[in-house]
Amino acid sequence: MNKNLKVLFVDNPYIAEQVCAFCDALPEFQETEREFNAISEQIAEKLGQELYLDFEAAQSWYMAKLVNAYYLFGLGLRQEIISALQPKVS
């Protein structure tokens, strides 16, 4: 049962495609993405590509976890269910 819930809410293979289609339809998202990319290029030039890529990877992982938490809470799931769906961190 727990595995079925995880697939439904967390490991849904269609979410990324649906989110991309949704974002492509939002002009304000497109503008924000362009601004982000322009600033990212400036930062990479100043810090160096390698350090910037390390920063971007860490930030992306952090934001993915944060967005996932908001997504699960937005579904109205109780904290106990959310905790059960998350892998144990040692």
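**View 1. The whole chain.** Accessible areas come from the Shrake-Rupley method with a 1.4 Å probe, and for residues only the protein chains shown count as cover. This is a predicted model, in which local features need pLDDT of at least 70, side-chain atom pairs count only at pLDDT 80 or more, and totals for chains, interfaces and linings use all residues. Residues are numbered from 1 along each chain as its sequence is written, and side-chain values use heavy atoms, with hydrogens and water left out. The chain holds 5 helices and 0 strands. Its pattern along the sequence reads α-α-α-α-α. Helices (H or I, at least four residues) and strands (E, at least two) are DSSP runs, numbered from the N terminus. Of the 90 residues in the chain, 12% are buried. Buried means under 20% relative accessible area, exposed means over 50%, and partly exposed lies in between (1.4 Å probe, protein chains only).

**View 2. Helix H4 from end to end.** Helix H4 covers residues 49-74. At 1.5 Å a residue, its 26 residues should span 38 Å. The end C-alpha atoms are 36 Å apart, which agrees. The expected span is 1.5 Å times one less than the number of residues. Tyr-52, Asn-68 and Leu-72 are the buried residues of H4. Just after the helix, Gly-76 has a positive phi of about 80°.

View 3. Tyr-52 and Phe-55 have ring centres 6.3 Å apart and planes at 50°, so the pair is tilted. Rings of Phe, Tyr and Trp (its six-membered ring) pair if their centres lie within 6.5 Å; planes under 30 degrees apart are stacked, over 60 edge-to-face, and the rest tilted. Both residues lie in helix H4, 3 residues apart, or about one turn of the helix. Tyr-52 has 5% relative accessibility, so it counts as buried. Phe-55 has 42%, so it counts as partly exposed.

**View 4. A nonpolar patch on the surface.** Tyr-62, Met-63, Leu-66, Val-67 and Tyr-70 form this patch. Together they have about 530 Å² of accessible area. Patch residues have over 30% relative accessible area and no salt bridge; like charges are joined within 9 Å, nonpolar side chains (Val, Leu, Ile, Met, Phe, Trp, Tyr) within 5 Å. Tyr-62 is found in helix H4.

View 5. Opposite charges on side chains can pair when their charged atoms come close. Here the count is 1 salt bridge (a side-chain nitrogen of Lys or Arg within 4 Å of a carboxyl oxygen of Asp or Glu). Arg-34 bridges to Glu-31, with the closest N and O atoms 3.0 Å apart. Both residues lie in helix H3 (residues 27-47), 3 residues apart, about one turn of the helix. Glu-31 has 36% relative accessibility, so it counts as partly exposed.

View 6. A disulfide is a covalent bond between the sulfur atoms of two cysteines. The search of the whole structure finds 0 disulfides (pairs of cysteine sulfur atoms within 2.5 Å). Cys-20 is in no disulfide, and its nearest cysteine sulfur, that of Cys-23, is 6.7 Å away. Cys-23 is in no disulfide either. Cys-20 has 48% relative accessibility, so it counts as partly exposed. Cys-23 has 14%, so it counts as buried.
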